[in-house]
Amino acid sequence: MSYKNISHRKQLQLDAQIPHQWRLEVSQIPPGLLSPADSITSTSQYEAINVMDIPRTCGLLTSDELHITEQYDVRSLLGAIRERKLTAKEVVHAFCKRAAIAHQLTRCLTEPVFTQALQQAQKLDDHLQRTGQPIGPLHGLPVSIKDSFHITGVDSTTGLAALAFHPAAQSSPLVNLLTSLGAVIIAKTNVPQTMGALDSCNHLFGRTLNPLNRRLTVGGSTGGEAALLAMRGSMVGFGTDIGGSIRIPAMCTGLYGFKPSAGRVPIAGSQEAGSMAGKGRVSLQSVAGPLARSVADLGVVMAEIVPRTELFSEEGIPGRWFGSSLQSPSGKCKGFTVGILRRDGLVEPLPPVAKVIDEVAQLLRRTPGIRVVEIPVPAALSKCQGIAGRLMGVDGGNPMMDLLESTGEPLIPWLKGRMKRGREMTLAQVGELQAQRAQVEREVLQIWTSRGVTADASYTRDIDAIIHPVAPHPVPELDRYNAVGYTSSWVLLDYPAGTIPVRSFKEEDLELGTEMTAPVLGSWDKANRLLWNQKTVDRRVYLGSPLSVQVITPKQHDYELVQAMELIDRVVRGDVQVPAML
């Protein structure tokens with residue numbers, strides 16, 4: 001069948017899974033959402049509309065459902081269910097309903113599994129009623145997952161028509177782990193075609209829109225998760241990240257995203273169709289991680305997942321989680337050193353990005369107990385983006401192109417000119433790339449260690465965390481996301497990294513009438529400046545969009561990343577308790 005016929009059938013299937021009583025009136029849906037096909041080729045139809053308030057004002061959600069979906073964080077919601085102030089079924093029902101509304105406004109879902117979710121919630125309630133004990137520490141928590149993760153009997157299309165109507169034979173290890181913890185998966189969410197783009201758009205489900213501003217991208221490839229979480233249609237979402245696919249959507253929607261080290265969260269069993277078998281073992285390994293609305297919510301789920309991953313996934317590593325306080329694992333209070341890494345050496349950050357990095361640095365400098373140091377850009381860092389890009393393409397992209405051509409499916413706008421058939425690398429070529437990667441890893445280690453040698457002739461790590469841009473530009477318009485090196489480099493190095501929203505883009509950030517005058521560093525830098533050049537963009541489109549920073553810690557220091565994110569987030573929010581907790 002042609003991709004158009006498959007897409008039509010898939011849309012009918014998706015539509016049938018949304019109950020009639022959960023549907024918005026046509027008058028409540030902004031223009032441009034009724035035709036998924038048009039959403040791909042015609043982006044000019046979208047006005048800068050913010051749809052965040054529509055779930056609250058549409059009249060479909062009861063006061064109790066609004067309270068459930070808006071007034072709890074993860075810890076307090078779990079407590080309310082455990083103490084029987086709320087049932088798992090009424091919580092899951094409220095979030096399924098809100099997810100359905102969010103989908104009608106953003107196209108964020110691919111596979112609503114509302115019926116299965118409600119059945120599971122009832123079983124959880126029955127067990128709690130019968131035994132007085134919850135099933136796992138996440139008993140009743142509504143979560144959502146990226147489309148690439150498998151659920152038995154449900155498609156994992158990753159936005160490709162050729163993979164539709166081929167349901168998974170077994171669930172991914174992450175799904176099994178979440179279920180064992182008592183979490184309830186309510187939906188799978190939209191991704192870009194091939195999962196290799198930074199705008200979540202495909203011919204099967206259409207384009208996911210940013211609920212904050214429909215003219216701006218929601219990011220990719222975990223864009224559906226970001227839109228759903230931003231609209232409070234789920235408590236926590238799970239995605240994957242190989243080039244920035246967790247951190248970028250979090251940046252685009254003002255959320256918190258967490259890319260862990262490899263082996264911390266199960267990634268095995270995520271959809272690999274369209275790639276050479278075992279590609280992740282020899283090239284660049286994608287990692288799985290959560291998105292949430294607070295650092296605390298990230299910490300709660302990571303605390304339960306990390307110690308158990310080795311039991312569910314062959315790629316899992318033994319891990320411990322010490323809690324969520326700002327004390328060190330030993331319980332001792334300590335000072336905290338933050339390094340400021342302002343650029344990557346390839347692309348110069350645009351003025352608003354440079355400005356927000358400086359603002360965070362100044363806030364940290366004024367906080368007792370925190371030491372801030374400037375980090376020179378390591379020469380090796382500029383090599384990371386190129387090596388990561390070549391490792392992602394070791395199979396030449398040919399298995400993916402085979403799938404696309406099998407149904408006559410064309411590339412989405414973001415991929416046109418970026419994706420084509422290539423030559424599969426030889427073993428010697430892959431080995432040489434991995435050798436280059438190892439050399440870069442050794443050279444970049446200098447950003448953590450002091451230049452001097454201690455009395456016992458050993459180096460010491462004296463930087464706890466690094467602040468770095470998520471991207472060198474603000475949240476861009478549809479199909480205009482540019483430099484991925486600010487996020488992909490940390491996957492190559494396997495450093496855990498997270499996104500923290502800082503503030504919204506303001507009038508004074510526009511700097512109308514002024515242009516960048518620094519010398520252009522190269523083709524990537526030239527393309528990036530088009531997002532600020534007043535001849536090629538109306539900067540006012542950025543008004544109100546989130547400005548975020550990226551926080552990075554050394555390899556396998558995932559617990560310390562949550563600590564660092566918590567500390568930096570509190571400083572940014574003006575939490576006066578921060579100094580006392582150092």
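Student: Helices (H or I, at least four residues) and strands (E, at least two) are DSSP runs numbered from the N terminus. With that settled, which element gives the most to the lining of the largest cavity?

Tutor: In this predicted model, strand S13 gives the most to that lining, with three residues. The elements that supply two or more residues to the lining of the largest cavity are helix H14 and S13.

Student: How much space is in there, and which residues line it?

Tutor: The largest cavity holds about 80 Å³ of space, and its lining consists of Met251, Val353, Val356, Pro469, Val470, Ala471, His473, Pro474, Val475, Pro546, Leu547 and Ser548. By class, that lining has 10 nonpolar residues, two polar ones and no charged ones.

Student: How many cavities of 30 Å³ or more are there?

Tutor: The structure holds two of them. The second largest cavity has about 30 Å³ of space, and the residues that line it include Ser261, Ile267, Gln285 and Val287. Its lining is made up of five nonpolar and four polar residues, with no charged residue.

Student: Back to S13, what sort of sheet does it sit in?

Tutor: S13 belongs to an open sheet of 11 strands with mixed pairing, in the order S1-S3-S2-S6-S8-S7-S12-S13-S11-S9-S10. Strand S1 (109-112) and strand S10 (370-374) stand at the edges with a single partner strand each, so one side of each is left without a neighbour in the sheet. On average, and with direction ignored, neighbouring strands of this sheet are turned by 25° against each other.

Student: And how does S11 pair with S13?

Tutor: Strand S11 (residues 465-468) and S13 (residues 546-552) pair in the antiparallel sense over three bridges, and Ile467 has Val551 in S13 as its bridge partner.

Student: Which helices pack on that sheet?

Tutor: One of them is H14 (residues 351-365), which touches strand S9 (336-340), S10, S11, strand S12 (497-504) and S13, and whose direction makes about 60° with that of S13. Another is helix H18 (residues 485-492), which touches strand S6 (236-241), strand S7 (256-259), S11 and S13, with its direction at about 20° to that of S13.

Student: Is H18 mostly covered or uncovered?

Tutor: H18 is mostly covered, since eight of its eight residues are buried; among them are Tyr486, Trp490 and Leu492. The helix is followed by Asp494, whose phi is positive, near 60°.

Student: What about S8, why is that strand largely enclosed?

Tutor: Six of the six residues of S8 (residues 287-292) are buried, so the strand is largely enclosed by the rest of the structure. S8 runs antiparallel to S6, to which five bridges join it, and Thr240 has Ala288 in S8 as its bridge partner. S7 and S8 also run antiparallel, joined by two bridges, with Gly257 standing opposite Leu291 in S8.

How values were computed
Residues numbered from 1 in each chain as written. Predicted model: local features only at pLDDT ≥ 70, side-chain atom pairs only at ≥ 80, totals over all residues. Heavy atoms only, no water. Pairing = 2+ DSSP bridges. Axes fitted to C-alpha atoms, helices over the stretch in contact; angles between N-to-C directions. Contact = heavy atoms within 4.5 Å. Buried < 20%, exposed > 50% of the residue type's maximum accessible area, 1.4 Å probe, protein only. 1 Å grid on protein atoms, 1.4 Å probe; cavity = no way out; pocket = protein on both sides within 12 Å on 5 of 7 lines; lining within 4 Å. Points joined across faces, edges and corners; volume = space filled by probe spheres on them. Nonpolar A, V, L, I, M, F, W, Y, C, P; charged D, E, K, R; others polar.
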